[in-house]
Amino acid sequence: MEAFFLQQLINGLTLGAVYGLIAIGYTMVYGIIGMINFAHGEVYMVSAYLCAIGLALLSWFGIHSFPLLIFGTLVFTIVVTGVYGWTIERIAYRPLRNSTRLAPLISAIGMSLILQNYVQISQGAEPAGDPDPADGVLRFEVGDGVVQITWTKIFILVAALAGMLILSWVINHTRLGRVCRATQQDRRMAAILGINTDRVISLVFMIGAAMAGLAGVLVTMNYGTFDFYIGFIIGIKAFTAAVLGGIGSLPGAMLGGLLLGVAEAQFCRDGEL
């Protein structure tokens, strides 16, 4: 029983770290424009496919070293998902920024459906798969059972924590963070003071999408399978995590994701996540 609890705790923290990364994107966008980006989950879905494409390209070029594979795939996926975030803001949000609050939400839902169908048509409706580039597992005897944690899960926890800490430092201690916080507090006054608020909002969408891209790479490494519909469910869970942790707070979003992941894992009967 102790081994099962500890194993599910590890599984839950791994899953929750992914929820937290996606929740950071939700909370950043909501904090700066006061709206939820309902296409955010689909950016995560796209990043899973981009991860598989990146790994395949690097392998085709003869790169098989784990650090190089992960670094190259992360850079490729984060950059491309950042472009997706910028595009979503320009198409679905910016033209409707001064309209009623309902219009951008409907537009974002439409963008979500467009991305789902775009991936379904271009990549196929069948689930795709990708091998785990990190082999190896650590096993510990706990009571009468065995607890194991793969190197992939360790990497997920470290990468998620590092991503959250780096982004928090950027927001709190850099000029970019100051202009983001100024735009969040009073967009009109920030514009009067010379801040290009449109550029700041686009940048926030790109950063949020990059966090979803990081999450997509981590999940693809851990589970190995994905399809065009995975963004909807995990997007709802990540939004719940953002609200649970206090929407607008980056550490709160990560904490909410961890709590949600642990709760989900502990109530999972089959013992696998």
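**Why these labels?**

Colleague: Why does N11 count as buried?

Modeller: Its relative accessibility is 4%, and the label applies under 20%, so N11 counts as buried. Keep in mind that this is a predicted model. N11 lies in helix α1.

Colleague: On to the cysteines. Why are C51 and C180 called buried?

Modeller: The relative accessible area is 1% for C51 and 5% for C180. With the limit set at under 20%, C51 is therefore buried, and C180 is therefore buried too.

Colleague: How many disulfides does the structure hold?

Modeller: The count is 0. A disulfide would need a pair of cysteine sulfur atoms within 2.5 Å.

Colleague: What makes you say that α2 has the span expected for a helix of 21 residues?

Modeller: Helix α2, residues 40-60, reaches 30 Å from its first C-alpha to its last, and 1.5 Å a residue gives an expected 30 Å, so the two values are close. This helix is also mostly covered, with 16 of its 21 residues buried. Just after α2 comes G62, with a positive phi of about 90°.

Colleague: How do you know that strands β2 and β3 pair?

Modeller: There are 6 bridges between β2, residues 137-142, and β3, residues 145-150. Pairing takes at least two bridges, so these strands qualify, and they run antiparallel. Among the bridge partners are V142 with G145 and R139 with Q148.

Colleague: What lies between β2 and β3 in their hairpin?

Modeller: 2 residues, and G143 in that turn has a positive phi of about 65°.

Colleague: Last one: which side chains of β3 point to the buried face?

Modeller: G145, V147 and I149 point to one face and are buried.

Key:
Residues are numbered from 1 along each chain as its sequence is written. This is a predicted model: local features need pLDDT of at least 70, side-chain atom pairs count only at pLDDT 80 or more; totals for chains, interfaces and linings use all residues. Side-chain values use heavy atoms; hydrogens and water are left out. Helices (H or I, at least four residues) and strands (E, at least two) are DSSP runs, numbered from the N terminus. Buried means under 20% relative accessible area, exposed over 50%, partly exposed in between (1.4 Å probe, protein chains only).
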